[in-house]
Amino acid sequence: MNNQIFGSKFRQLRKQQHITLAQAAAGITSRQSLGNWETGKGELDFAKVLLLLKKINVQPIDFLESSINSYLKQTTSQISVAYVNNQIDRLLHYANKYLEISHRNLTDRISFLRAAVACNYYMDLTGKDITSTSDKLRIISHFKRILDGEEIWNFEDIYFFGNTQNLMSPRNIYSLAYSLNYYRQKHNINNREWINAVYNTLINAEFILIKSDINLATKLDQLLRQKWDLSDNYAFEKIRQNFMHQLIEYISTQDDSKIIRQLHILEFEQLLDLKAGFKTAYEQVKEIYFS
């Protein structure tokens with residue numbers, strides 16, 4: 001587990017509860033290993049981190065959320081701003097800069113995260129993929145332990161998946177989406193930030209599959225429409241997922257009446273940003289399948 005993100009946070013919580021390094025490590029790992037992880041000099045398996053959190057009476061989901069959200073926002077904030085403002089040249093600059101750094105140091109996970117996110121956004125705006133085959137393999141290898149069942153999904157993995165999907169093959173997107181959806185079905189986690197992250201990442205995956213592999217998109221759509229039972233607090237996410245379903249129906253039937261009706265409703269409700277996003281998605285799908 002990434003020591004640069006979580007080790008120092010654990011150290012802070014441990015000290016707040018006046019628990020010594022030896023007391024926390026007892027029966028789980030060595031005092032030296034824990035100390036190295038806390039100070040950024042070593043790694044710890046996620047299973048051991050869960051046991052450590054239990055010992056200091058901290059819920060894993062709360063620990064991960066508080067640690068990862070600020071880290072991710074800080075790590076990719078400039079890249080996200082460039083993307084939102086459609087600054088293609090700046091995105092290309094960030095992508096090339098961090099690709100070069102990560103190629104020189106294959107253990108630099110932060111630079112590679114930045115590079116992958118910048119490349120993903122650049123491709124979304126331009127349709128140009130500037131990553132190499134080895135870059136793509138490196139992205140997928142990030143999830144190998146999850147797909148092998150050796151680790152569980154956490155905020156960093158969800159964020160990384162959600163912001164690199166343009167660089168993945170449809171098969172890889174579906175496999176990861178299936179894994180994430182299966183995990184959320186088996187774990188009743190009520191943390192709002194976690195649910196938002198999972199749901200929107202899966203919806204984004206469905207849209208990319210709609211544009212690249214309609215059969216896999218249909219399979220994922222069927223999975224996502226089962227057993228969510230989200231409250232009205234997640235109305236935005238439910239509207240987005242329903243629109244993905246409408247796009248799939250449109251591709252199958254060439255009947256866009258439901259989509260047009262949805263756009264009119266959003267305009268009536270003054271949800272103009274959402275309408276603009278849906279209209280762009282509809283036009284992209286129309287161009288791909290019926291031009």
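Gln241 lies in helix α14, where helices (H or I, at least four residues) and strands (E, at least two) are DSSP runs numbered from the N terminus. In this predicted model, local features need pLDDT of at least 70 and side-chain atom pairs count only at pLDDT 80 or more, whereas totals for chains, interfaces and linings use all residues. Residues are numbered from 1 along each chain as its sequence is written, and side-chain values use heavy atoms, with hydrogens and water left out. The relative accessible area of Gln241 is 5%, so this residue is buried (buried is under 20% relative accessible area, exposed over 50%, and partly exposed in between, with a 1.4 Å probe and protein chains only). Not counting residues up to four places away in sequence, Gln241 touches Tyr199, Ile203, Glu206, Asp221, Leu224 and Arg225; contact means heavy atoms within 4.5 Å.

The largest nonpolar core has 67 residues. A nonpolar core is defined as a set of buried Ala, Val, Leu, Ile, Met, Phe, Trp, Tyr and Cys residues joined through side-chain atoms within 4.5 Å. Helix α12 gives the most to this core, with 11 residues. The residues with the most contacts inside the core are Phe143, Trp153, Phe161 and Leu247. For Trp153, leaving aside neighbours within four places in sequence, the contacts are Phe143, Ile146, Ile158, Phe161, Leu176, Ser179, Leu180 and Tyr183. A second, separate core of 16 residues includes Phe10, Ile28, Leu34 and Leu53.

The structure holds 13 aromatic pairs. Rings of Phe, Tyr and Trp (its six-membered ring) pair if their centres lie within 6.5 Å; planes under 30 degrees apart count as stacked, over 60 as edge-to-face and the rest as tilted. The pair formed by Tyr83 and Tyr121 is stacked, with 4.1 Å centre to centre and 15° between the planes. Tyr83 lies in helix α5 and Tyr121 in helix α7, so the pair ties together parts that are 38 residues apart in sequence. Tyr83 is partly exposed, with a relative accessible area of 26%, whereas Tyr121 is buried, at 9%. A tilted pair is formed by Tyr174 and Tyr178, with 6.2 Å centre to centre and 40° between the planes. These two residues are 4 apart in helix α11 and are therefore separated by about one helical turn. Tyr174 counts as buried at 8% relative accessibility, and Tyr178 as partly exposed at 42%. Ring pairs also link Phe112, Phe143, Trp153, Phe160 and Phe161 into a cluster.

Ser80 is found in helix α5 and is partly exposed, with a relative accessible area of 23%. Not counting residues up to four places away in sequence, Ser80 touches Tyr121 and Tyr159. Ser80 and Tyr121 are 41 residues apart along the chain, and their C-alpha atoms are separated by 8.3 Å.

The largest pocket has a volume of about 1,600 Å³. On a 1 Å grid over the protein atoms alone, a pocket is an open set of points with protein on both sides within 12 Å along at least five of seven lines, whereas a cavity is a set of points where a 1.4 Å probe fits but cannot get out; lining residues have an atom within 4 Å of a point. Grid points are joined across faces, edges and corners, and the volume is the space filled by probe spheres set on the points. The pocket is lined by 43 residues, of which Tyr83, Gly162, Asn163, Asn204 and Arg240 lie nearest its centre. The elements that give two or more residues to this lining are α5 (60-84), α7 (109-126), α10 (155-162), α11 (170-186), α12 (192-212), α14 (235-253) and α16 (272-290). The largest share, 10 residues, comes from α12. By class, the lining has 19 nonpolar, 19 polar and 5 charged residues (Ala, Val, Leu, Ile, Met, Phe, Trp, Tyr, Cys and Pro count as nonpolar, Asp, Glu, Lys and Arg as charged, and the others, Gly among them, as polar).

Most residues other than glycine have a negative phi. His18, which is not a glycine, has a positive phi of about 55°. His18 is found in the loop between α1 (3-16) and α2 (21-25) and counts as exposed at 72% relative accessibility. Gln254 likewise has a positive phi, near 65°. Gln254 is placed in the loop between α14 and α15 (257-268) and is exposed, with a relative accessible area of 58%.
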